[in-house]
Amino acid sequence: KILIIGAGGQIGSELTFKLRTIYGEENVIASDISYNNESIVNSGLFEIVDAQDYASIKICVEKYNIDTIYLMAAMLSATGEKYPMKAWDLNMSSLFNVLNLARAKFIKKVFWPSSIAVFGPTTPVNYTPQYTVMEPSTVYGITKQVGERWCEYYFNKYNVDVRSLRYPGIISWKTLPGGGTTDYAVEIYHEAIKNNQYECFLKADTELPMMFMDDAIKATINIMQAPDDTIKIRSSYNLAAISFTPESIANSIKQRLPDFKITYNPDYRQEIANSWPKNINDSYARQDWKWKHDFNLDEITEEMLTQLSKNYNQ
Ligand code: VAH
């Protein structure tokens, strides 16, 4: 049975629905720290679990006989810069709790998301390799870099089957993202539908690695279902789909909404974005467990505007 911790979040919520279609409603338990996300709470088996409390997770694991945990709870880059110690405490204690449950054999398998935020201003920005200089300058990035070290340590020392992906920015319409620097790429579609204009908090030419949610979910399921011996990297795999700038996503929107207007008013998140790569080399994921993405920018725009216009016109 599967437990998703942080099921109320942007990725956790879609992962919950997808895993239920694959493994059956009764085999996938959603959990979060609050009842905030009503669609998740009312969608099937749901428990309040505090990811920072080992006993809280263990009680849920024993209640449902869980053998696999997807740990999707974290404080993201932008919010993490406002509350550094909270970001450190949440992101690290939750990881240690889940890794220690696996080490104690209460569960068999773990998925833990890393991020392109592990890279920093001294990392090569173009086609960033799997193995390279990593001096992350955000607290969130630091937690992801050190989290990757611990995942690899628990695999090597205690044979814990933990698998991880360095997600790029993720674009989705079902659940709003929370506190990320790449959130502009979701907000812009909502604003395009509502107001036909958007004030972007990043500069026009800020190129960042991005991915549609369906691709991110596909990669997550792929790596978790891949045979053990195909997973050669136990820190975290580079994962890529496309890269674009606010200007290019605006131009993609204008093909559907010709009068759409974008303005630029960079804020503190510009410095975070400047510290990240422009695009990622994910050749290890493509060779080890046959990763490949499906959605390009215009297909993402088509899907986002179609789905969101339904939501707003209801
Ligand atoms: C963030 N969406 O912006 C997350 C992600 C690469 C970006 O880690 O913090």
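## Close-up views of a predicted model

A search of the whole structure finds zero disulfides.

View 1. Seven strands are arranged as an open sheet in the order 3-2-1-4-5-6-10, and their pairing is parallel. Strand 3 (46-48) and strand 10 (237-238) are the edge strands of this sheet, each of them pairing on one side only. Helix 8 (residues 213-225) packs on the sheet, where it touches strand 4, strand 5, strand 6 (161-167) and strand 10, and the direction of helix 8 makes about 155° with that of strand 6.

**View 2. Strand 5 and its two partner strands.** Strand 5 (residues 109-115) pairs with strand 4 (residues 68-71) in the parallel sense over three bridges, and strand 5 also pairs with strand 6 in the parallel sense, over seven bridges. Towards strand 6, proline 113 stands opposite leucine 165. Six of the seven residues of strand 5 are buried, which leaves this strand mostly covered. Strand 5, helix 6 (residues 139-158) and strand 6 together make a right-handed β-α-β unit.

View 3. Lysine 108 is found in the loop between helix 5 (84-103) and strand 5. Is this lysine 108 buried or exposed? Its relative accessible area is 66%, and because exposed means over 50%, lysine 108 counts as exposed. When residues up to four places away in sequence are not counted, lysine 108 touches Asp67 and Asp161. The C-alpha atom of lysine 108 is separated by 20 Å from that of alanine 219, the two residues being 111 residues apart along the chain.

View 4. In helix 3 (residues 54-64), the buried residues are Ser56, Ile57, Cys60, Val61 and Tyr64. Why do they lie on the same side of helix 3? They cover an arc of only 135° around the axis, and therefore they fall on the same side of the helix. The buried residues of helix 3 pack against strand 1 (2-5), strand 2 (28-32), strand 3, strand 4 and helix 5, whereas the face turned away from the buried side carries the exposed residues Ile59 and Lys63. Cysteine 60, one of the buried residues of helix 3, has a relative accessible area of 5%. Another cysteine that counts as buried is cysteine 151, at 0% relative accessibility.

View 5. An open sheet of three strands has the order 7-9-11, and its pairing is mixed. Strand 7 (169-171) and strand 11 stand at the edges with a single partner strand each, so one side of each is left without a neighbour in the sheet. From one strand to the next, the twist averages 45°. Strand 9 (residues 208-212) and strand 11 run antiparallel and are joined by three bridges, with phenylalanine 244 in strand 11 as the bridge partner of leucine 208. Helix 7 packs on the sheet and touches strand 7, strand 9 and strand 11, its direction making about 25° with that of strand 7. Helix 8 lies across strand 7 and strand 9, running at about 80° to strand 9.

**View 6. Tyrosine 184 and its surroundings.** Tyrosine 184 is found in helix 7, and with a relative accessible area of 0% this residue is buried. Leaving aside residues up to four places away in sequence, the residues that tyrosine 184 touches include Tyr198, Cys200, Phe201, Leu202, Met210 and Phe244, and also Pro246 and Ile249. The C-alpha atoms of tyrosine 184 and cysteine 200, which are 16 residues apart along the chain, are separated by 6.6 Å.

**View 7. The buried side of helix 9.** Pro246, Ile249, Ala250, Ser252 and Ile253 are buried in helix 9 (residues 246-254). Because they cover an arc of only 155° around the axis, they are placed on the same side of helix 9. Among the elements that cover these buried residues are helix 7 (184-195), strand 8 (197-200), strand 11 (242-244), strand 12 (261-264) and helix 12 (297-313).

Technical notes
Residues numbered from 1 in each chain as written. Predicted model: local features only at pLDDT ≥ 70, side-chain atom pairs only at ≥ 80, totals over all residues. Heavy atoms only, no water. Buried < 20%, exposed > 50% of the residue type's maximum accessible area, 1.4 Å probe, protein only. Helix = DSSP H or I, 4+ residues; strand = E, 2+ residues; numbered from the N terminus. Arc of directions from axis to C-beta. Contact = heavy atoms within 4.5 Å. Disulfide = S-S within 2.5 Å. Pairing = 2+ DSSP bridges. Axes fitted to C-alpha atoms, helices over the stretch in contact; angles between N-to-C directions. Right-handed = clockwise from strand over helix to strand, strands pointing away.
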